[in-house]
Each structure stands twice: as C-alpha cells, then as structure tokens.
Amino acid sequence: MDPIIIFDYIGTMVFAISGTLTAAQKRLDLFGAMFIGFVTAIGGGTVRDIMLGNLPVTWIKTYEYFLLILLGIVLTVVFKKIVIKLKNTLFLFDTIGIGVFTVLGMEKTLELGISQPIAVVMGLISAVVGGIIRDTLCNEVPLIFHREIYATACIAGAIVYLALRNIGFPPLAYTWITVGTIITIRLIAVRYKLAIPLLTISDDQSSSNPK
C-alpha cells in the first residue's frame, strides 16, 4: 500500500479521536461526541470534493474511512483516560495529518487540470476545515484563527510542493518533502512558541468617528 494512503488513514482516525475528545471536554452526550468526531475527520475532504465536483465524495466511495472513524470514536470513548495521556502523540499525528491532507488535496485538484494557486487553496481546505467545523460546533475559536502557526505551515508546504513539482522532482520525493516541511514548521513553531502577530485595534481607534 502507498505510504501516503497509510498516513491518510492514520490522519483520518486521529482527527476522529481529536473531535471526540473535544466533544467530551464540552460534556456532550455520546451521539454529540460521535457526530463531532465524524465531521472532524471528513469535513475538509468533503468540502474539497464538493467544490471540485468530485462526487460522490471520497469517504462515500469506500467503507475504510467510515470504519476508521468509527474505530477512532470507539477507542476514545472506551479508553478516554489513556487517550488523554497520549495528547502529545495525538498532536504529532494531527500534525502528520495536516501535512498529508494538504498534499492529497493538491494532488486531487491538479489531477483535474485546475490551476496551481487553486490547488494550494484546496490543499489548505483539506487540512483545516474539519478542525474549523469541530471548534465551531463546540463553541471554540477555530485553531487556525489563533496566533499558532497552523494553516501557515500548510501554505508553506504547498508552495514547496509546487516548486519541486515544477522543477521536475520525482512525485514520491516532493510528496515526502512537502509533508516533512509542514511537520517541521509546525513542530518548530510549537517548540519555540512562534506565532503570527495579532491584528489589533486600540480603543481610541475603534471608538473614533469619521468626520
């Protein structure tokens, strides 16, 4: 099996776990937790496929994704205390997931003959929309709107992907380099607390009226 597909499966299950954990922290019932886990795992890919006209969407075409999501939810519910202790491991897999999903989103877009700038957007959508839906439904500010370098890492990786692809690197090489770039940027940003500057408006500016 292609390693990128294996990571795709891992990322799908980990995003399901992430969504279920978030729902548990918000004290939702079992159905609510399952729903949040499911939409977290498939949200980005679903939005991407609909926008690209790739129907039926990917997770409907094969039952593996559904089983992996269900497995992730069940593991979280049954072994919640153990899963919480593995928070750092889940963070790593989540980081791998956004790297892989960025590449998958771009590949699907370019295969359809759509322009490269739009491929970057589709890669970003694949990686982060599931998390946006999760956080929004759980009444949290989505992670990509915080100061953390998250979506920025995906965009940087997407640019590397296109640069290496246009130069003529082998597909397997630029795929792995892209995933590695996104993971590295994300890990370094968290390790050294790097962040994007906040956009702020002072009270004087917000209360002033134009003449």
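Which element gives the largest share of the nonpolar patch? In this predicted model, the answer is H4, from which seven residues of the patch come.

**View 1. The nonpolar surface patch, with an area of about 1,100 Å².** The patch is made by Leu-30, Met-34, Tyr-63, Phe-66, Leu-67, Leu-70, Val-74, Val-77, Val-78, Phe-79, Ile-82 and Leu-86. Two elements, H2 and helix H4 (63-78), each give two or more residues to the patch, and the largest share is that of H4, with seven residues. Leu-30, one of the residues that make the patch, has its place in helix H2. Leu-30 counts as exposed because its relative accessible area is 51%, and exposed means over 50%.

**View 2. The largest pocket, with a volume of about 890 Å³.** Of the 27 residues that line this pocket, Ser-18, Lys-87, Arg-134, Leu-143 and Glu-148 are the closest to its centre. Two or more lining residues are given by each of helix H1 (3-25), helix H6 (87-111), helix H7 (116-137) and helix H9 (171-191), and H1 gives the most, with five residues. By class, the lining of the largest pocket divides into 14 nonpolar, four polar and nine charged residues.

**View 3. The second largest pocket, with a volume of about 340 Å³.** This pocket is lined by 27 residues, and those nearest its centre are Asp-8, Ala-41, Gly-45, Arg-48 and Phe-101. The elements that give two or more residues to its lining are H1, helix H2 (30-52), helix H3 (58-61), H6 and H7, with H2 giving the most, eight residues. The lining of the second largest pocket divides into twelve nonpolar, nine polar and six charged residues. Arg-48, one of the residues nearest the centre of this pocket, meets Asp-49 in a side-chain salt bridge with an N to O distance of 3.0 Å. Both partners are buried, since Arg-48 has a relative accessible area of 6% and Asp-49 has a relative accessibility of 1%, while buried means under 20%.

**View 4. The largest cavity, with a volume of about 40 Å³.** The count of cavities of 30 Å³ or more comes to one. The largest cavity is lined by Val-128, Gly-131, Ile-132, Arg-134, Asp-135, Pro-142, Leu-143, Ile-144 and Tyr-150, and its lining has six nonpolar, one polar and two charged residues. Arg-134 and Asp-135, both in this lining, meet through their side chains in a salt bridge of 2.9 Å, N to O. Arg-134 counts as buried because its relative accessibility is 10%, and Asp-135 is likewise buried, with a relative accessible area of 8%.

**View 5. The salt bridge between Glu-140 and Lys-26.** The structure holds three salt bridges, and in this one the closest N and O atoms are 2.6 Å apart. The pair links distant parts of the chain, with Glu-140 in the loop between H7 and helix H8 (151-167) and Lys-26 in the loop between H1 and H2, 114 residues apart. Glu-140 counts as partly exposed because its relative accessibility is 37%, and Lys-26, at 35% relative accessibility, also counts as partly exposed.

Definitions and conventions: Residues numbered from 1 in each chain as written. Predicted model: local features only at pLDDT ≥ 70, side-chain atom pairs only at ≥ 80, totals over all residues. Heavy atoms only, no water. 1 Å grid on protein atoms, 1.4 Å probe; cavity = no way out; pocket = protein on both sides within 12 Å on 5 of 7 lines; lining within 4 Å. Points joined across faces, edges and corners; volume = space filled by probe spheres on them. Helix = DSSP H or I, 4+ residues; strand = E, 2+ residues; numbered from the N terminus. Nonpolar A, V, L, I, M, F, W, Y, C, P; charged D, E, K, R; others polar. Patch = residues over 30% accessible without salt bridge, like charges linked within 9 Å, V, L, I, M, F, W, Y side chains within 5 Å. Areas by Shrake-Rupley, 256 points an atom, 1.4 Å probe, with all protein chains shown as cover. Salt bridge = Lys/Arg side-chain N within 4 Å of Asp/Glu carboxyl O. Buried < 20%, exposed > 50% of the residue type's maximum accessible area, 1.4 Å probe, protein only.
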